[in-house]
Amino acid sequence: MSAPIIAVEPGKAVTLLRQEEDGWRGSPVARAGFWPAWRPGHDAVSVSVVVDEGKRQRSAIEMLDLDGNHLRNLYESPLGGDAVIAPNVPHYALWSPGGDRLALVAQGRAGLTLFLSEADGPLIADPIQTGAPLFLAWAPDGGRLAVHAGVNLSVLELAEARASRPISADARGFRTPAFSDDGELLAFATPDGTGDGVVVQVAAGSGEASEAVHELPGGVALAFRPGTRTLTIAVTTRPASGAFDELWTVDLSDGGEPELLLRRAFTSVFWDPAGEKLAFIVPSATGDGSVSLQARTAAGEFLGASAPFTPSPDYQTLAGFFDQYGRSHRLWAPDGSVFLAGGRLFTDSPAVAFSDGSHDAILSWRPERGSPIERIGQAGIGFFPPPALEEGFGKA
């Protein structure tokens, strides 16, 4: 059977979907919420909730078990402050690899703020850093957190009284820094000499001096191929368009030269958990807002493409910030067998403006030639658990 999926329609019920012999079955987890995130190693999720209280709002991040039982609050919005970052995005939550800490971005008293909460310990919503924008990456050991705040990049050492090691005071042209799976390398970018492009830099994971590995026009999104020291670099020469033009790879284990893996328009790219294949979200050439999915091997060989669909609002948000959301909200099944989408197929009922509901669905696609997209539940978006949790799912 497939791994379970946590599903949500913006501001509506959060549901756990399990695959049974006669199809997918849903059970309620929360009456309303946003952006549920699996807690690694545990049968639990964090969920952002927003409550309207007359002329003001209150928000929180709650931790729930998979039966919907409330375990504890991990964040509550301050009295008199802003309750949400943006409509349908109250907060951003990123669990540490071991599930013992939650790093979260929310509106604090001084603006956009990074907080840390312990899942089982005494520290809840401890403010760490303020700045905008804010992007985060956990080191694989969970002992370090790379923080890109404004133009400053630093590494927070949690085992050393939360010492902050500065990496760069001119970190621009990218959003989310990237750790290699062994935690030894940290990739980021700085402006080139012309001001029109970037220099991709790699530093030791603990923050020592960095080394330039590639210079490119425009902006970049960074990720390491799972289980390797091969850095993938998505390049956009038109950042305002929301589309990327090229995908490069650099093998940093042996000082390899940059290689162009793909040249075509795409909005997002995601490695599968084993590092064997890539899923791309590709914009339609018709300009109607529809997209399709494509899959390629790690060497860039074409595996298949899906039918086009109209993405849900949450799926558009995730696609637009894939380098951050791809770390916290997983679209690949733990075994790499399927990739999730969210939205409406062209054969579905009318859009929300012409009906009583959105009719968005979670769509499952197997990355093979001729594979159809299958509807598996009515929701705007859904996420698989991390592999470690899926392997122990349902066990004591």
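1. Let me start inside the fold. The largest cavity has a volume of about 50 Å³, and the structure holds one cavity of 30 Å³ or more. A cavity here is a set of points, on a 1 Å grid over the protein atoms alone, where a 1.4 Å probe fits but cannot get out. Grid points are joined across faces, edges and corners, and a volume is the space filled by probe spheres set on the points. The elements that give two or more residues to the lining of this largest cavity are β3 (23-38), β7 and α2. Of these, β7 gives the most, with three residues. The lining residues, which have an atom within 4 Å of a point, are A37, W38, P40, A93, L94, W95, R327, S328 and R330.

2. A word on the model before going on. This is a predicted model, in which local features need pLDDT of at least 70 and side-chain atom pairs count only at pLDDT 80 or more, while totals for chains, interfaces and linings use all residues. Residues are numbered from 1 along each chain as its sequence is written, and side-chain values use heavy atoms, with hydrogens and water left out.

3. Now for the pocket. A pocket is an open set of grid points with protein on both sides within 12 Å along at least five of seven lines. The largest pocket has a volume of about 1100 Å³. It is lined by 40 residues, and the closest to its centre are D181, P226, G326, R327 and R330. Elements that each supply at least two residues of this lining include β7 (92-95), β19, β20, β23 (268-271) and α2 (322-328). Helices (H or I, at least four residues) and strands (E, at least two) are DSSP runs, numbered from the N terminus.

4. Leaving aside residues up to four places away in sequence, A223 touches A178, T230, L231, T232 and W271, where contact means heavy atoms within 4.5 Å. A223 and W271 are 48 residues apart in sequence, yet 8.5 Å apart in space from C-alpha to C-alpha.

5. Next, the partner of β19. Six bridges join β19 to β20 in an antiparallel arrangement; two strands pair if DSSP finds at least two bridges between them. The bridge partner of A223 in β20 is T232. The two strands form a hairpin with five residues between them, and G227 in the turn has a positive phi of about 80 degrees.

6. How many residues of β20 (residues 230-236) are buried? Seven of the seven are, so the strand is largely enclosed by the rest of the structure. In a regular strand the side chains alternate between the two faces of the sheet. Here T230, T232, A234 and T236 point one way, and L231, I233 and V235 the other. On its pairing with strand β21 (residues 244-251), β20 is antiparallel over six bridges, and V235 stands opposite E246.

7. β23 pairs with strand β24 (residues 277-283) in the antiparallel sense over four bridges, and W271 stands opposite L278. In that hairpin, which has five residues between the strands, G275 takes a positive phi near 70 degrees. A178, for its part, stands opposite A187 in β16. Two bridges join β15 to β16 (residues 185-191), within an open sheet of four strands ordered β15-β16-β17-β18. The edge strands are β15 and β18 (210-217), each pairing on one side only.

8. Finally, two places away from that group. Q107 sits in strand β8 (residues 101-108) and counts as buried at 16% relative accessibility. A polar atom of the Q107 side chain lies 3.5 Å from the backbone nitrogen of L112. In helix α1 (residues 313-320), the buried residues are D314, Y315, L318 and A319. They cover an arc of only 135 degrees around the axis, so they lie on the same side of α1; the arc is that of the directions from the helix axis to the C-beta atoms.

Technical notes
Buried < 20%, exposed > 50% of the residue type's maximum accessible area, 1.4 Å probe, protein only. Polar contact = N/O pair within 3.5 Å; in protein donor to acceptor, adjacent residues only side chain to side chain.
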